[in-house]
Amino acid sequence: MDFKYTQEFAESMDSSDKLAAFRDRFHFPKHNNQNKIYFTGNSLGLQPIEAKEAIQQELDDWSKFGVDGHFEAKNPWFSYHEDFKPLLAKMVGANAEEVTPMGGLTANLHFLMVSFYAPKGKKTKILCEAKAFPSDQYALESQVKFHSLNPEENIIELSPREGEYHLREEDILSKIEEHKDEIAMIMIGGVNYYTGQLMPMKNIAALAQEKNIIVGYDLAHAIGNVELKLHEWGVDFAAWCSYKYLNSGPGSVAGIYVHEKHGDNKDLNRFAGWWGTKPDDRFLMRKGFEADFGADGWQLSNAPVLAMAVHKKALEIHLEAGMDRLIEKQTKLTSYLEFILESVAKENNGLSFEVITPKERGCQLSMHMKGSGKELFNKMTEKGVVADWREPNVIRIAPVPLYNSYTDVYQFGKIISESFQELK
Ligand SMILES: *Cc1c(COP(=O)(O)O)cnc(C)c1O
């Protein structure tokens with residue numbers, strides 16, 4: 001596609017964008033009474049305007065019914081999570097029994113690893129990406145220690161080649177091949193939070209299955225951002241949060257996926273709780289845990305309904321837009337951003353940065369700044385841009401197809417130029 005670095009071009013792209021109207025369904029933080037250029041949907045997605053009404057419904061039912069809301073609320077709280085299953089299944093490419101909303105992301109990773117990281121004999125190691133999101137690193141380390149093993153010896157990290165920023169698929173696959181007899185589990189972020197690289201999830205999962213290795217993905221930066229077919233790919237387990245690309249609010253409820261081949265496996269270890277039992281058993285208060293089938297069997301606690309009310313509304317908005325259409329727009333919008341960044345670098349002698357995100361990606365681009373990146377970042381922030389600074393020198397920008405526009409991207413280019421000129 002032939003892009004142009006002009007306002008007219010950006011506006012014409014917006015006027016032919018079938019998803020453009022979704023922008024009006026979100027609250028934007030303001031700068032001089034204008035919408036800020038919000039490019040941090042990868043960190044905290046914007047609030048759907050309908051969120052308030054969704055929470056209000058549950059508050060009203062709570063005031064009206066008290067405890068009886070578990071069965072008498074408009075959306076009965078006892079079975080609240082059940083409505084999410086078809087929605088989440090569509091988001092990750094799974095069957096409804098394979099997914100459930102629950103808990104928090106890091107906590108869920110732990111619960112899933114209790115079941116799926118089972119070091120035995122020579123197979124004791126975990127393969128992950130180097131510099132994974134810190135919470136994931138801590139979770140992996142502490143899981144290894146939990147089995148009285150040494151993390152130094154039992155965590156294999158995948159690093160980019162010298163002088164490169166992202167992983168090559170061939171290197172990931174050959175590492176698996178090389179250590180196939182020692183790896184118990186692969187746990188990788190589906191989209192890397194720092195570089196924005198989309199991992200070859202399908203091919204990793206295929207090789208893992210061939211080598212009898214469990215494979216789990218952290219989908220924090222992947223869900224609602226890229227196409228996922230967890231069931232078809234044969235992924236064993238996955239977990240995600242809902243406050244990034246899923247717009248469900250700060251710290252809102254997370255979710256899990258467990259492949260149906262494990263759905264009825266009584267031999268797996270589990271840290272169990274009452275919500276993981278079959279619905280008919282849940283209020284019988286009897287001794288002896290019997291897991292419900294599928295992902296629901298990993299639930300522990302009753303649903304945090306107020307947060308989940310927003311989550312459900314946000315998922316409905318995503319599916320109304322349609323993941324296919326979102327991904328189609330995302331490809332164009334991010335390519336436009338890449339084009340704008342190239343144009344801005346050309347027109348500003350001395351402005352130096354490198355986009356370290358490969359072509360395999362979702363909507364995020366990461367700019368590796370050379371020279372005074374932090375001052376430039378601060379200047380752009382003063383001008384109403386919300387982007388994200390990661391030490392030591394990376395700016396992450398995520399134009400989100402659900403609510404960002406081509407004009408946002410164009411204006412962002414103008415602001416980088418202005419900020420750079422003012423600092424010279
Ligand atoms: C955002 C993110 C987290 C955050 O974990 P919480 O438990 O939700 O606080 C963890 N891992 C990755 C890869 C993330 O991107």
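Predicted model: local features only at pLDDT ≥ 70, side-chain atom pairs only at ≥ 80, totals over all residues.

Visitor: How do you know where domain 1 and domain 2 are?

Guide: The bounds come from an automatic or database domain assignment. That assignment gives 7-35 + 322-423 as domain 1 and 54-321 as domain 2. Their centres, taken over C-alpha atoms, are 30 Å apart.

Visitor: What makes you say that domain 1 and domain 2 are in contact?

Guide: Contact means heavy atoms within 4.5 Å. By that rule, 31 residues of domain 1 are in contact with 21 residues of domain 2. The area buried between them is about 2,200 Å², with 57% from carbon and sulfur atoms; buried area is the accessible area (1.4 Å probe) that two parts lose on being put together, summed over both. On the domain 1 side, Arg25, Met323 and Ile356 supply 24% of the area, more than any other three residues.

Visitor: Why is the link between Arg25 and Glu320 called a salt bridge?

Guide: The term needs a side-chain nitrogen of Lys or Arg within 4 Å of a carboxyl oxygen of Asp or Glu. In Arg25 and Glu320 the closest N and O atoms are 2.8 Å apart, so the pair passes. The rule finds 1 salt bridge across the domain interface.

Visitor: What makes a set of residues a nonpolar core?

Guide: They must be buried Ala, Val, Leu, Ile, Met, Phe, Trp, Tyr or Cys residues joined through side-chain atoms within 4.5 Å. Buried means under 20% relative accessible area (exposed is over 50%, partly exposed in between; 1.4 Å probe, protein chains only). The largest core has 65 residues, and among those touching the most other members are Trp240 and Leu402.

Visitor: Why does this core lie between domain 1 and domain 2?

Guide: Because both domains give residues to it. Apart from it lies another core of 33 residues, including Leu333 and Trp389.

Visitor: How do you know that strand S7 pairs with S8?

Guide: Strands are DSSP runs (E, at least two residues), numbered from the N terminus. Pairing takes at least two bridges found by DSSP. S7 and S8 have 4, in the parallel sense, so they qualify. Leu127 stands opposite Ile156 in S8.

Technical notes: Residues numbered from 1 in each chain as written. Heavy atoms only, no water.
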